[in-house]
Amino acid sequence: MSASAATLTTRPAWQALAAHHEAIRDVHLRELFAADPERGTRMTASGASLFLDYSKHRATPETIALLVALARECGLVERRMAMFSGEKINITEHRAVLHTALRAPREATITVDGVNVVPLVHEVLDRMRAFATAVRGGAWKGFTGSRIRNIVNIGIGGSDLGPAMAYRALAHFAQRDLTVRFVSNVDATDFAEATRDLDPAQTLFIVSSKTFTTIETMTNAAVARDWIIGALGDPRAVARHFVAVSTNEHAVREFGIDPANMFGFWDWVGGRYSMDSAIGLSTMIAIGPDSFGEMLGGMRTMDGHFRDAPLEQNLPVLHALLGIWYTDFFGTQSAAVLPYDQYLARLPAYLQQLIMESNGKSVTLSGARVRYATSPVIWGEPGTNGQHSFHQLLHQGTPLVPVDFIGFMHSLNPMGAQHDLLMANLLAQAAALAFGKTAAEVRAEGTPEALVPHRVFEGNRPSSVILAGLLTPATLGALIALYEHSVFTQGVIWDIDSFDQWGVELGKTLATRIAADLAPSADTAPAHDSSTNALISRYRAARG
């Protein structure tokens, strides 16, 4: 049973945390490390090939114990079991939440409405594997008989961010004679630039939309269809140059795609949790079915860790609880994700949707207004690039921003000492944020007194360091599942529905209405607020 908005902050564990925060909020990390010489090895955890060092957080073992107590009081253990067993925990849409079933082993049993969904998942995976193999090997030919050499995924949100991130993250494992691109923005520039140098006879489009009605995706898909027909001169070409990831067979058939080339998924898969479903077809084609299977295996291993590991040693749980500690007790409003691997350049963007669309909520499961902060703003860039832009704010700015540093022991592209230098920067940034540099230390360097305040680093700025051996498909899978389960854990404690996204609907509805007012045939006065009306009139005038 969900708690009301009032009860979270009146829970004994919450009250204990509030008192604890008052006692330690001004304690510096320098003091915490000085008081415990073993802190750097004691405050760590590992699982699913990932290692987490959380010693550089403004927390003590007592903090962790109190946070774990809060998780237990909020029913995390019970809610976790409900999710894994297929209960309909997405209450506003009355749906199960089973992205974990997408990577379940073939012999598993997970029941939704009396049906074991695991065979359904593997049926789709098997069809994906056969299709990906045919494309990669050249057996799937375009309308003119040419081999397919270009894959363009058309989607938006979870139908784009996950596959685009995974393709870039795993580019080292991709078949390099295939060009893989992604179109999401309804801005025509996105499609134009993605296809400018492609041969239509060698191009396959994957249209990813569960309902096959998403306006941005279907607008781009229609442009792609015209592009193919215009180049190849026959509407029948559509069937050889388009496949669909959807559940709407009627709309897929009307578009011109053979339903035999439609790959489905289910309403218990949320878009931002779908990169390991048929939405990942572009990823599978790029990296191959075996590597895709390894990614699923990494996710599955993290699922097992999250399900079975004690809360005190559970990576997603610890990650989530520390986020709550800063968001709700220190009042932080953002968090940075800084991967020290260029392949993970799109990870922060992917996590923006995963985290903010999931937990950017302001009402509880019962519909009451929350009286505490929920999701922070997520942002970030790969290191070391960020060190020469926003790290200034992280070190000496006024906001307190918790950071996730993500690094790897080995490089997929070893060149001299570059990886050592990369990792030296990661470790140095985490240490500098934690310990800073005092005025006395600055003076000891001979700094003129007038410059001392400018060169002081306060430190006491928290970070996690997440390490793995090598960025493989399995490692990426484990990392993504870690964040998925962290999101779930926070949603349980905040008593919100992490699996709906009603906040995206209003803007889409208004855009449809406004688009009619911007059409060349529009000849009536717009009927919106005065600002929108004036902007529409200005746009009409500029467009003639």
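The model is predicted, so local features need pLDDT of at least 70 and side-chain atom pairs count only at pLDDT 80 or more, while totals for chains, interfaces and linings use all residues. Residues are numbered from 1 along each chain as its sequence is written, and side-chain values use heavy atoms, with hydrogens and water left out.

Start with the whole chain. It holds 23 helices and 13 strands; these are DSSP runs numbered from the N terminus, with helices being H or I of at least four residues and strands E of at least two. For 544 residues, a compact globule would have a radius of gyration near 24 Å, and the chain's 25 Å agrees with that (taken over C-alpha atoms; the globule rule is 2.2 Å times the number of residues to the power 0.38). Along the principal axes, the C-alpha atoms fill a box of roughly 75 × 60 × 60 Å.

Of the 544 residues, 54% are buried, meaning under 20% relative accessible area with a 1.4 Å probe, protein chains only.

A pocket here is an open set of points on a 1 Å grid over the protein atoms alone, where a 1.4 Å probe fits, with protein on both sides within 12 Å along at least five of seven lines; lining residues have an atom within 4 Å of a point. Volume is the space filled by probe spheres set on the points, which are joined across faces, edges and corners.

The largest pocket holds about 1,000 Å³. Its lining has 38 residues, and Thr214, Gln501, Val504, Glu505 and Lys508 are the closest to its centre. Two or more lining residues come from each of α10 (215–232), α16 (347–359) and α22 (505–518), with α10 giving the largest share, 3 residues. By class, the lining has 12 nonpolar, 17 polar and 9 charged residues (nonpolar: Ala, Val, Leu, Ile, Met, Phe, Trp, Tyr, Cys and Pro; charged: Asp, Glu, Lys and Arg; polar: the others, Gly among them).

The second largest pocket holds about 530 Å³. Of its 17 lining residues, Ile514, Ala515, Leu518, Ala519 and Tyr539 are the closest to the centre. Here α22 supplies the largest share, 6 residues, and the lining divides into 10 nonpolar, 3 polar and 4 charged residues.

How values were computed: Buried means under 20% relative accessible area, exposed over 50%, partly exposed in between (1.4 Å probe, protein chains only).
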